[in-house]
Amino acid sequence: MKGKQSSQNHGASSGNPLVQSLTRLGQATRAVALDEARMLGLTPIQVQSLLFVQETKPFATMVGNLARLLGATHASVVGTVDGLVARGYLVRTVAEDDRRVTLLRLTDDGIRACVRIREQSKTLDQAVSAMTAEERAGLDRGVGALMEQLGEGGYAWLAHSCHGCMHFQRNKNPASETPHRCALLQVALAEDQLDLECPEFISGTRTPR
Ligand code: SF4
């Protein structure tokens, strides 16, 4: 009985049962992340940092964006990045089009670490796979709507692929190795860059010119 009361009250910050469930879900996913990261000899923040660099458009891998994703201060993220650079997983590089901008890149060891992270990160995958297709679709819609709300308040990192972005111009230069174009950032995009995340995404369709 004591244990039950404790689990009912622990971390609950609202009388709304859904908010309480979300709070507990956050605690559970943090516990999973901690466990899985520990088995790799990393912290959850280091894991998220490496995956951020791998999953984000190459021109958007600034420390500032990583800080937005992690909801952490710039100074603390610099410390995390310094640690990953010292371990040989990340390097800092100057952006080709703007020498004031520093971008993060994975080294070969960093890429191998990401492979190990994905092999290790099975707990949530298995839990989601155990849900029905209908439950997954409902959760996907609900989480998406919640993330949009939290993102508007600056509490969530809202990054998407180019698909469905109003700035995306498909096949602007069909003969090129980078046939697509971003009208906002004025950069050419290769096919394999489209699925990487970008914080500048805006949903919509661009009027063709
Ligand atoms: S702004 Fe849109 S089109 Fe441009 S890179 Fe980002 S997601 Fe892709």
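What percentage of the 209 residues in the protein chain is made up of buried residues? Buried residues come to 17%, where buried means that 20 or more other C-beta atoms lie within 10 Å of a residue's own, exposed means 12 or fewer, and partly exposed is in between, with C-beta atoms placed from the backbone. This is a predicted model, in which local features need pLDDT of at least 70 and side-chain atom pairs count only at pLDDT 80 or more, while totals for chains, interfaces and linings use all residues. Residues are numbered from 1 along each chain as its sequence is written.

**View 1. The whole protein chain, to get your bearings.** There are 8 helices and 5 strands here, taken as DSSP runs (helices: H or I, at least four residues; strands: E, at least two) and numbered from the N terminus. Follow the sequence and the pattern reads α-α-α-α-α-β-β-α-α-α-β-β-β. The C-alpha trace spans about 70 × 45 × 30 Å along its principal axes. Take the contacts with a separation of 6 or more: 48% of them join residues 24 or more positions apart. Two residues are in contact if their C-beta atoms, placed from the backbone, lie within 7 Å.

**View 2. Helix 3 meets helix 5.** Helix 3 covers residues 44–55 and helix 5 covers residues 74–86; they pack at an angle of about 80°, with their axes 10 Å apart. Axes are lines fitted to C-alpha atoms, for helices over the stretch in contact, and angles run from 0 to 180 degrees between N-to-C directions. That makes the pair roughly perpendicular, the word for angles of 65 to 115 degrees. Helix 3 brings Ile45, Gln46, Ser49 and Leu50 to the contact, and helix 5 brings Thr80, Val81, Gly83 and Leu84. By class, the contact residues are 4 nonpolar, 4 polar and no charged. Nonpolar here means Ala, Val, Leu, Ile, Met, Phe, Trp, Tyr, Cys and Pro; charged means Asp, Glu, Lys and Arg; the others, Gly among them, are polar.

**View 3. Helix 8, out in the open.** Helix 8 takes in residues 133–152, 20 residues in total, and its first and last C-alpha atoms are 29 Å apart, close to the 28 Å expected. The expected span is 1.5 Å times one less than the number of residues. The number of buried residues in helix 8 is 0, so this helix lies largely in the open. Just after helix 8 comes Gly154, with a positive phi of about 80°.

**View 4. Around the ligand.** The shell consists of Lys57, Cys162, Cys165, His167, Phe168, Cys182, Leu184, Leu185, Cys198, Glu200 and Phe201. Sorted by class, that's 8 nonpolar, 1 polar and 2 charged residues.

**View 5. Two loop residues with positive phi.** Most residues other than glycine have a negative phi. Asn171, though, has a positive one near 50°, and its place is in the loop between strand 3 (168–169) and strand 4 (180–182). Gln186 has a positive phi too, about 55°, in the loop between strand 4 and strand 5 (187–189). Asn171 counts as exposed, with 10 C-beta neighbours inside 10 Å, and Gln186 counts as exposed with 9.

**View 6. Ser203 and its partners.** Ser203 sits in the segment after strand 5. Its 9 C-beta neighbours inside 10 Å make Ser203 exposed. Setting aside neighbours within four places in sequence, Ser203 is in contact with Gly164 and Met166. Ser203 and Gly164 are 39 residues apart along the chain, yet their C-alpha atoms are separated by 5.7 Å.

Key: A residue is near a molecule or strand if its C-beta atom, placed from the backbone, lies within 6 Å of it. Angles under 35 degrees count as roughly parallel, over 145 as roughly antiparallel, 65 to 115 as roughly perpendicular and the rest as oblique.
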